Amino acid sequence: MRPFEDPAISAAFDALPQDTRTGVLKLRELIFETAQELPKALPLQEALRWGQPAYLAPKGSTIRLGGHKSARFALFVHCQSRLMGEFTSAFPGEDRIDGNRAILFDSPDQIDETRHGWLIARALTYHL
């Protein structure tokens, strides 16, 4: 697991229920791995937004991770972006979606590195 640079972010992960924490930590690793493959997504900043871990690239759209009322955890993107529309067009019916803002997960096993990595890469380079 990649170490946390900010103790507040580490504390935010620690405050999550175990099932949620396991899933969002797996998504966190996928975000960092994806960013490493995209030089224009670096430096990747990890911060807290609305109390949730968030990932910001210089020319990207914010990605947030956290719990969700309808699932154990979710990957959130900016609701006014084209990201979820493009994702659901590229991968119709593959995931449970919350409108134009989130992919919902009940298990870390549902995370697909290719499919969800595609969305992460699009978010990290959204304004390029």
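Starting at the N terminus, the elements of the protein chain run α-α-β-β-β-β-α-β-β-α, which comes to four helices and six strands. Here helices (H or I, at least four residues) and strands (E, at least two) are DSSP runs, numbered from the N terminus. Keep in mind that this is a predicted model, where local features need pLDDT of at least 70, side-chain atom pairs count only at pLDDT 80 or more, and totals for chains, interfaces and linings use all residues. Residues are numbered from 1 along each chain as its sequence is written, and side-chain values use heavy atoms, with hydrogens and water left out.

How is the chain packed? Of its 128 residues, 47% count as buried, meaning under 20% relative accessible area with a 1.4 Å probe and protein chains only; exposed is over 50%, and partly exposed is in between.

Now for the aromatics. Searching the whole structure turns up six aromatic pairs. Rings of Phe, Tyr and Trp (its six-membered ring) pair if their centres lie within 6.5 Å; planes under 30 degrees apart are stacked, over 60 edge-to-face, and the rest tilted. Phe4 and Phe13 make a tilted pair, because their ring centres are 5.1 Å apart and their planes sit at 45°. Phe4 is partly exposed at 22% relative accessibility, while Phe13 is buried at 1%.

Phe32 and Tyr55 go edge-to-face, with centres 5.8 Å apart and planes at 85°. Phe32 belongs to helix α2 (residues 18-36) and Tyr55 to strand β2 (residues 52-56), so this pair ties together parts 23 residues apart in sequence. Both Phe32 and Tyr55 are buried. Elsewhere, ring pairs join Phe87, Phe91 and Trp118 into a cluster.
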